[in-house]
There are 2 protein chains.
Amino acid sequence: MNVSSSEIAFLQFCIENNMNKQTLIQTHNRIKPFIHKTPVLSSSLINKMIGATIVFKCENFQKMGAFKMRGAANAILSLSEEERQRGVVTHSSGNFAQAVSLAAQTLGVKAYIVMPENAPQVKKNAVKTYGGEIIECEATPQAREATANQIKEDKGATFLHPSNQKEVIYGNSTAAIEFLEEQPNLEVMITPVGGGGLIAGTALAAHHFAKNCKVIGAEPKAVDDAYRSLISGHIEMNSSFNTVADGLRTHLGDCNFPIIQKHVEKIICVEEDEIITAMQLIWERMKIIVEPSSAVALAAVLKHKEEFKNQNVGIIVSGGNVDVRNLPF
Amino acid sequence: MNVSSSEIAFLQFCIENNMNKQTLIQTHNRIKPFIHKTPVLSSSLINKMIGATIVFKCENFQKMGAFKMRGAANAILSLSEEERQRGVVTHSSGNFAQAVSLAAQTLGVKAYIVMPENAPQVKKNAVKTYGGEIIECEATPQAREATANQIKEDKGATFLHPSNQKEVIYGNSTAAIEFLEEQPNLEVMITPVGGGGLIAGTALAAHHFAKNCKVIGAEPKAVDDAYRSLISGHIEMNSSFNTVADGLRTHLGDCNFPIIQKHVEKIICVEEDEIITAMQLIWERMKIIVEPSSAVALAAVLKHKEEFKNQNVGIIVSGGNVDVRNLPF
């Protein structure tokens with residue numbers, strides 16, 4: 001038999017592609033008992049403002065209030081029995097800390113959460129509520145990593161990364177899988193971009209489960225590392241972190257960046273006042289509580305109305321954990 | 001045939017009872033195209049706090065953001081073609097003003113909304129957005145009634161009452177009908193009590209559609225007119241209106257009071273701080289925006305945990321129209 005190398009490459013691609021689709025399906029089935037199937041909402045006023053059909057996948061209604069529960073649950077469920085007995089460790093002062101704590105508690109696994117000592121008390125309390133053990137460290141990336149490594153060594157705990165780990169990305173993909181099941185005619189899905197774990201998962205889901213659905217990222221201009229990374233072709237860093245969208249201050253990683261490069265159409269950047277306006281619009285018109293990071297996606301659509309005109313647009317609302325006594329509007 | 005008077009009375013009751021049930025079914029079918037079937041949500045944390053199964057019928061997601069859309073739509077749909085051509089008039093600076101404006105606009109009917117000249121601009125704007133024509137008057141009950149009467153005379157418009165009119169009460173009942181369809185095992189339904197239109201509709205729905213479901217009202221202690229009315233047996237007034245639950249400052253009417261007397265178990269009164277705590281709990285844990293009036297029902301359950309222990313409790317969330325830049329917490 002005479003087979004060319006390009007034919008072999010194509011066959012390999014087909015096998016891998018199918019395997020990945022199976023992996024996502026298995027992931028979804030694995031985590032289903034531990035997550036909510038969140039609702040899809042819409043607002044006729046927002047549709048009218050944009051001249052398109054905008055639907056919102058509401059992960060603010062997810063357990064612990066954010067999509068992070070999906071990735072955390074999958075990462076812990078993917079551990080061996082022995083690994084589970086030794087516990088998990090992560091460094092996060094945001095939603096991933098709560099997600100790991102809750103997923104671990106639900107599965108009877110010990111969770112060590114490394115947090116900077118100056119993290120807000122409200123965030124520490126949330127982790128404690130879900131049974132996570134907080135280990136404080138100095139507020140530097142070096143101290144954070146050193147502390148997490150120490151726990152890995154001392155306890156044999158498995159490190160879970162908030163966004164740059166394939167089990168987390170696969171878990172995150174299930175939000176888009178559910179979205180596409182309910183809205184098979186979506187022409188574009190938009191997610192906020194922080195560490196890149198949500199958009200990478202969404203892009204995989206669109207690739208495997210959608211007929212023809214683009215994936216676009218939305219990012220605050222103040223922390224536009226992903227926007228610049230897609231242009232330069234390597235992972236760029238942020239030099240300032242001055243955005244109201246506190247969940248999006250992180251940068252991409254080597255595990256999610258190739259997926260984003262391959263499957264994400266582009267990143268749209270928005271200004272701070274556009275984020276706050278979009279957030280208030282969602283609160284007032286949709287009567288749901290979303291965090292500033294989630295509003296970034298609607299802000300991008302509002303900014304580029306013409307581009308989305310008459311399209312079926314799906315926005316993934318990443319979460320709803322916000323201090324309601326300290327709002328930006 | 002020898003029929004006793006008590007047998008005749010019983011037969012009359014049966015016929016009337018069945019007619020009323022048919023009326024409610026017809027009402028629901030009539031307004032269905034003009035309302036949202038709102039979702040039922042729950043929070044495992046709130047269930048745990050109370051030790052009961054609490055489900056929330058979310059009328060904050062209703063069109064224009066409150067259950068009032070149901071009554072307004074039914075009242076306008078019940079008009080003759082001739083009456084519709086002459087328009088409708090109401091006096092309200094709250095949710096009913098918006099509901100009448102939107103329902104009228106949808107049905108091509110002119111809506112005249114009498115509002116006190118000192119009503120907040122945000123409320124005037126909302127009415128204008130929905131196409132209602134605002135007629136300002138002095139901020140007294142006398143001026144309000146006189147102005148509405150003048151419009152009735154001048155335009156031949158039909159007056160719609162926010163809570164004390166049977167078409168409005170029947171319309172309101174459809175929230176509880178949907179609730180019971182989805183949650184047939186509810187043992188108690190709780191609604192806030194202002195003008196009495198929601199609780200009267202809910203009580204009718206429970207009477208006709210539930211197997212055995214009590215209806216309880218929740219009211220701010222500061223405006224406890226309904227609580228006192230049920231005790232004294234006649235409609236009591238409030239002497240002060242100093243509550244954060246601004247939708248509940250009105251008093252009962254002769255059309256809804258007899259229904260409340262007959263079918264409502266009791267009214268629970270709550271303090272202002274209890275309302276605010278319950279509101280913040282719903283915002284933070286359920287990630288939904290509810291107005292203070294809606295939080296009164298959960299505040300009542302939180303205050304009397306023991307009474308509701310292990311029960312299936314349904315709370316009707318009346319609305320979500322609140323100035324997000326001016327919150328009580």
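Two strands pair if DSSP finds at least two bridges between them. Helices (H or I, at least four residues) and strands (E, at least two) are DSSP runs, numbered from the N terminus.

A word on the model. It is predicted, so local features need pLDDT of at least 70 and side-chain atom pairs count only at pLDDT 80 or more, while totals for chains, interfaces and linings use all residues. Residues are numbered from 1 along each chain as its sequence is written, chains are lettered from A and ligands numbered from 1 in the order in which they are written, and side-chain values use heavy atoms, with hydrogens and water left out.

Now strand β7 of chain B, residues 188-192. Is β7(B) covered on one face or on both? Both. On one side sit B:Val188, B:Ile190 and B:Pro192, on the other B:Met189 and B:Thr191, and all are buried. Buried means under 20% relative accessible area, exposed means over 50%, and partly exposed is in between (1.4 Å probe, protein chains only).

Who are the neighbours? β7(B) runs parallel to β8(B), residues 214-220, with 5 bridges joining them. There, B:Val188 stands opposite B:Lys214. The chain gets from β7(B) to β8(B) through helix α9, residues 197-209, in a right-handed β-α-β crossover. Right-handed has a viewing rule: with the strands pointing away from the viewer, the path from the first strand over the helix to the second runs clockwise. β7(B) also pairs with β10(B), parallel again, over 3 bridges. B:Ile190 has B:Ile315 as its bridge partner in β10(B).

Next, a sheet in chain B. In what order do its 4 strands lie? The order is β5-β4-β3-β6; the sheet is open and the pairing parallel. At the edges are β5 (133-137) and β6 (158-159), each pairing on one side only. Between β4(B), residues 111-116, and β5(B) there are 5 bridges. One partner pair is B:Ile113 with B:Ile134 in β5(B).

On to the rings. A pair of aromatic rings is described by the distance of the centres and the angle of the planes. Rings of Phe, Tyr and Trp (its six-membered ring) pair if their centres lie within 6.5 Å; planes under 30 degrees apart count as stacked, over 60 as edge-to-face and the rest as tilted. Ring pairs link A:Trp283, A:Phe329, B:Trp283 and B:Phe329 into a cluster.

Rings can also meet charges. A charge sits over a ring if NZ of Lys or CZ of Arg is within 6 Å of the ring centre and within 35 degrees of the ring normal. A:Lys21 lies over the face of A:Phe209, 5.3 Å from the ring centre. For B:Lys21 over B:Phe209, the distance is 5.2 Å.

Last stop: A:Pro328, in the segment after β10 of chain A. A:Pro328 is partly exposed, at 29% relative accessible area. Leaving out residues up to four places away in sequence, A:Pro328 touches A:Val244, A:Ile276 and A:Met279. Contact here means heavy atoms within 4.5 Å.
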